[in-house]
Amino acid sequence: MIKEKLSFTCDVLLSHQQLACCDRYCGIPYQGKNVLIYSIKEAQQKPLLLTGHHGDISAMTFGKRSSPVTLCSASSEYIIIWDIEACQKRTEEGKLAAGTVIGTLLGNVVHLSFCSNDELVAVCSGTTIYVLNSKRQEVICTLNGHLGFLTSATFCPWNTNVLVSTSEDRTFKVWDLKTGAVFYQSFVLGGSPLLSVLFLEEEEQLITGSTDGQMWCFSLDDDHKCYLVKKMDLQKMEKRYEMRQDTLSQPQDVAEQWISNKVEISKPVIQLASCGSLAEIQFDQEIDNSWFCVGSSNGLYVVELATSELLSVLYFKDNPTLSMTMAGSWSICIGSDKSMIALVSSLFTPCVVLLELFLSNLRRTREEGGSGYSVFPSSPPLLESPLNAELKRKEPSHLKKKGGIEEKPLVFHSKVKSSGYNTTPRMTMFSAQTNVQKKTSPKKGLLHRNYPEDSAAPTEPRTTLNIANKQVSCLQYSGDGKKILCGLGDRSILLYNSCLTGNPTAYIGHDKSVTSVNWSLCRQWWLSAAEDLSLRIWTKSSSEPAIILGDTMFSKPIRGAQFYYLDKFLVLTSGPSLYLYLYNVDLTRDDVKRYKQRSIIKLASCLTPSASDITALSAVNDFLSYIVLVSCSDRSIQVLDMNKGAVGSILPDAHSRAIHCVTQNKGSTFTSQAPESYNLFLTSAVTDGIKMWDLRTMRCVRRYENHVNLCHACSSAISPCGRFIASGSEDKCAYVYDIRASTYLHKLQRHSDTVLSVAFNPAKPELLTGTLDGKLRLFQSSTGSHLSQDTSAAVLCISNVTA
């Protein structure tokens, strides 16, 4: 909701002039050379008149400190500092309000800004920045370097010796005020001039925006080097926001048609302002306050930086009682009543409006997003649930009685001890062994060595291995972290030790590239699926598959397959359908009829959530869970409730492209996380980065976009401790993110080609990467070299985490 508190008609058009607004006062140019100061709480009272300029005022700004409240105003002749309380007192005494001149004849000033303690003032005039002392007439330093006219200059709030400037040359610079040198100069960011800069102090990041609605977020490290975190397009964000809003009120095809018929207007990023403290007030708790406001020509946009999505939009057109319809300049601050205060000048009329913008619908927007699900079941399975299906196992034929006299052994034991006539005579007598060490076995039910939850991310390279000339399509560690499965593009599966030493065991049988591999919970068998429309289950004891699922059973490739529900089921996807199979692996074989498969597999359920093909699949097998996540070619995410055998929830347009990877936070048997953490999952799409979702609210909670993913299906993984995210990338690197921040922690370089597959070791802090040209690289944590290699005593504590 937008409330108009004050409307003032000016003598001239102020559409692109910097205005001044704080939580207590706002300043408006009057008759060109004077300033009117209005009280925010009592806007209808008589304003304070400030006179002293000889030329037209071109820029104004309030200081950062709450007491005393200072105002800086600029014209081509003077730069004047005003103490508002002192000027009010002089006016009440019948005296003329007076200010302090701190600069003269600096040219056409377009922007002013105070530092955090109000001791310095940055003045932008032409291509020059003047840093002035706010107490007296003194030029601290003069900064030159931009090729175009300056548009803004802002002090870093956590380091007053750092200044960031933007210009019409489409770049920004980070200045060192002590030496006057440039710490960092950005590349040309786009095709339009940059207008404003916003600092996020907690994240130590800066955001800059341009006249065509593009925004860039950079991290500003201690070395004052800036690294791009993400890029945002205000117009695309608005389209996604409108699609979400309209889909709730009308059919999707009608909403798409309505949006496609809309007239698009430019959305310049005129002003950026943080509203993180407002977010804390709104929810009465500490949250990720990376929200910021964008003042544009048609309204105010509230953006969540973590997800690069709009939380709310306040349009001028939705409030016909306003005195303006298009904005030319903004000055935004946080009010005292859970609202935003903005002083806005009209783009086409000589009018300035004081607005109070209420963002109360942010709570509703944040809490909306689905019925809410959890990976942990809250009730037993339904009687008619597909999960109650059982496989009727046939009794082996060799155990059946065929009638007649039953054959019995002639002795009571299965083995008879030899008489010893054929053995070599013993030449030495008995001798006692005195150096025997007692073998100690780990206690049953306990972990031999827990996963170190406080270890650093695995970034130190340990092993590099060239295994094939084809791509490493998929990787997975066994549950105890001792074995690694590698699915390759040359139709084979390789089984390695976790340290990548020794010769691997090769399993051959597929006719096309392997697309997925998955270990069973008992670690006695595993499965593989390939582009040849088949699935195979393998065992350690044989090089031949125990179960083959194929032979024209599926019309389209299997895009995802895994064990499910504590190894009770196989779940796989082909085309638009999801199949749930019961199975029994029988390792016995008839030497005469070796071609005959004794293992049993039976279809328990088939679910077709939509007409679109399923592109990725994820489910939890380490504990009982009813939830299966699938992504479809229509860019949606669907939550399947296998207890009911139906679609539980749908997230339409989750990415701008079809999702190729869904990764759940499954944890590890060697560590434990907070129960809420298991409801997080990742989705990856080409050109759209990685998104993290919360299953409980069915909304995106963070985005990760530093890696390069333009054409290949690069996978992602969550560490067992739940603190790190690893992602493949097409720039021959693997990226490790902190799950709590959008910027990457480490960039693992020197890969030979595109990194397609990544996998964390569940037992110790290790990361394995696989590349497009068939190479494996193993990374260890700098604090994990002392960890024990023995994980044989790890047990599955499934009953402790199931509902």
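Is Glu309 buried or exposed in this predicted model? Glu309 is buried, with a relative accessible area of 10%. The legends below describe close-up views.

**Figure 1. Salt bridge between Glu309 and Lys691.** The side chains of Glu309 and Lys691 form a salt bridge with an N to O distance of 3.6 Å. Glu309 belongs to strand β25 (residues 309-315) and Lys691 to strand β48 (residues 689-694), so that the pair links distant parts of the chain, 382 residues apart.

Figure 2. Salt bridges link Arg240, Glu309, Asp688, Lys691, Arg703 and Glu705 in a network. For the model, the count of salt bridges comes to 21.

**Figure 3. Salt bridge between Asp613 and Lys556.** In this view the side chains of Asp613 and Lys556 meet in a salt bridge, at 2.9 Å from N to O. Asp613 is placed in the loop between β41 (600-607) and β42 (614-619), and Lys556 in the loop between β37 (542-549) and β38 (558-564); the pair therefore ties together parts that are 57 residues apart in sequence. Asp613 is partly exposed, with a relative accessible area of 25%. Lys556 is also partly exposed, with a value of 34%.

**Figure 4. Salt bridge between Asp653 and Arg635.** The closest N and O atoms of the salt bridge between Asp653 and Arg635 are 2.5 Å apart. Both residues lie in loops: Asp653 between β45 (646-651) and β46 (659-664), and Arg635 between β43 (627-632) and β44 (637-641). The two residues are 18 residues apart, and the pair links distant parts of the chain. Asp653 is partly exposed, with a relative accessible area of 25%, and Arg635 is partly exposed at 29%.

**Figure 5. Open antiparallel sheet β42-β43-β44-β45.** Four strands form an open sheet in the order β42-β43-β44-β45, and their pairing is antiparallel. From one strand to the next, the twist averages 25°. Within the sheet, β43 and β44 are joined in the antiparallel sense over 5 bridges. Ser631 has Ile637, in β44, as its bridge partner.

**Figure 6. Open antiparallel sheet β46-β47-β48-β49.** A sheet of 4 strands, likewise open, has the order β46-β47-β48-β49 with antiparallel pairing. Its edge strands, β46 and β49 (699-704), each pair on one side only. Neighbouring strands of this sheet are turned against each other by 25° on average, direction ignored. Strands β48 and β49 run antiparallel and are joined by 5 bridges. Trp693 stands opposite Cys700, which is in β49. Strand β48 also carries Lys691, the partner of Glu309 in the pair shown in Figure 1.

**Figure 7. The largest nonpolar core and the surroundings of Trp330.** The largest nonpolar core has 24 residues, of which Phe316, Trp330, Val344, Leu355 and Leu357 touch the most other members. Two or more residues come from each of the elements β23 (291-295), β24 (299-304), β25, β26 (327-334), β27 (339-346) and β28 (351-358). Strand β28 gives the most, with 4 residues. In soluble globular proteins, nonpolar side chains tend to be buried together. Leaving aside neighbours within four places in sequence, Trp330 is in contact with Ile270, Gln271, Gly295, Ser296, Gly299, Leu300, Phe316, Ala342, Leu343 and Val344. Phe316 and Val344, among these contacts, are also listed with Trp330 among the residues that touch the most other core members.

**Figure 8. Surroundings of Thr127.** Thr127 is located in the loop between β11 (120-125) and β12 (128-133). Thr127 is partly exposed, with a relative accessible area of 29%. When residues up to four places away in sequence are not counted, Thr127 touches Leu143, Asn144, Gly145, His146, Gly148, Phe149 and Leu150. One of these residues, Gly145, is 18 residues from Thr127 along the chain, and the C-alpha atoms of Thr127 and Gly145 are separated by 7.4 Å.

Methods. Residues are numbered from 1 along each chain as its sequence is written. This is a predicted model: local features need pLDDT of at least 70, side-chain atom pairs count only at pLDDT 80 or more; totals for chains, interfaces and linings use all residues. Side-chain values use heavy atoms; hydrogens and water are left out. A salt bridge is a side-chain nitrogen of Lys or Arg within 4 Å of a carboxyl oxygen of Asp or Glu. Buried means under 20% relative accessible area, exposed over 50%, partly exposed in between (1.4 Å probe, protein chains only). Two strands pair if DSSP finds at least two bridges between them. Axes are lines fitted to C-alpha atoms, for helices over the stretch in contact, and angles run from 0 to 180 degrees between N-to-C directions. A nonpolar core is a set of buried Ala, Val, Leu, Ile, Met, Phe, Trp, Tyr and Cys residues joined through side-chain atoms within 4.5 Å. Contact means heavy atoms within 4.5 Å.
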